[in-house]
Amino acid sequence: MCPRSTSGSVFYSTLTTDPLEFKLFREGRACNVLVHVGHDLAEGWNWFVSVGLDTMAGGDLEYYFVLLRVDAETGEVTPYRSGREVRAAIPPGERKAIRATILQATQFLLGHARPPRVYRVTYDVDPPDRALEKHHAISQVFEECGYAVATADAVYGQRFWWMELRTPSPLTT
């Protein structure tokens, strides 16, 4: 484990020493994958990547990813949805490993859930091109898992994607 100091706390990554353990949770159509990515012994925090599908109004599923900081003593959960928030909490080298974990967890999620359609939207308004790189990588994971990905024009500064599971043509079966 490599300690990294950020704002007085020390983030210890568990991504380089422990094999990744994906924990899958389901409730109805909603599905979540949780991966432990680090801890801060001084502050008593555990860090997790959470990737999932949640039911939207109308019944479609929305894909999301979030970094969670969990206080080991109180159980209080602090979500980090924005890259701007993560940047302030996690050192640069560790952020790359967390991004790779998000992609792996997404692949694991899609392999188990296989939803027919999925919607996705950026959390931040007007994200810079660098922030959109992770969304392009997520789209690539969806494509590799058999989904057609459509990107919509930005609305009020947020970007949108629709992913639909490709089905074999009756002519090819």
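Q: At what angle do helix H2 and helix H3 pack, and how far apart are their axes?

A: Two packed helices are described by the angle between their axes and the distance between the axes. In this predicted model, where local features need pLDDT of at least 70 and side-chain atom pairs count only at pLDDT 80 or more, while totals for chains, interfaces and linings use all residues, helix H2 (residues 92-113) and helix H3 (residues 129-144) pack at about 30 degrees, with axes 10 Å apart. H2 is therefore roughly parallel to H3 (angles under 35 degrees count as such). Residues are numbered from 1 along each chain as its sequence is written, and side-chain values use heavy atoms, leaving out hydrogens and water.

Q: Which residues of H2 and H3 make the contact?

A: Contact means heavy atoms within 4.5 Å; among the residues making it are Ile 102, Leu 103 and Leu 110 of H2 and Ala 137, Ile 138 and Val 141 of H3.

Q: Where is the pLDDT below 50?

A: Where pLDDT, the predictor's confidence in each residue from 0 to 100, is low, the predicted coordinates should not be read in detail. The chain averages a pLDDT of 87, and 90% of the residues score at least 70, but over residues 1-6 the value is below 50.

Conventions
Axes fitted to C-alpha atoms, helices over the stretch in contact; angles between N-to-C directions. Helix = DSSP H or I, 4+ residues; strand = E, 2+ residues; numbered from the N terminus. Parallel < 35°, antiparallel > 145°, perpendicular 65-115°, else oblique.
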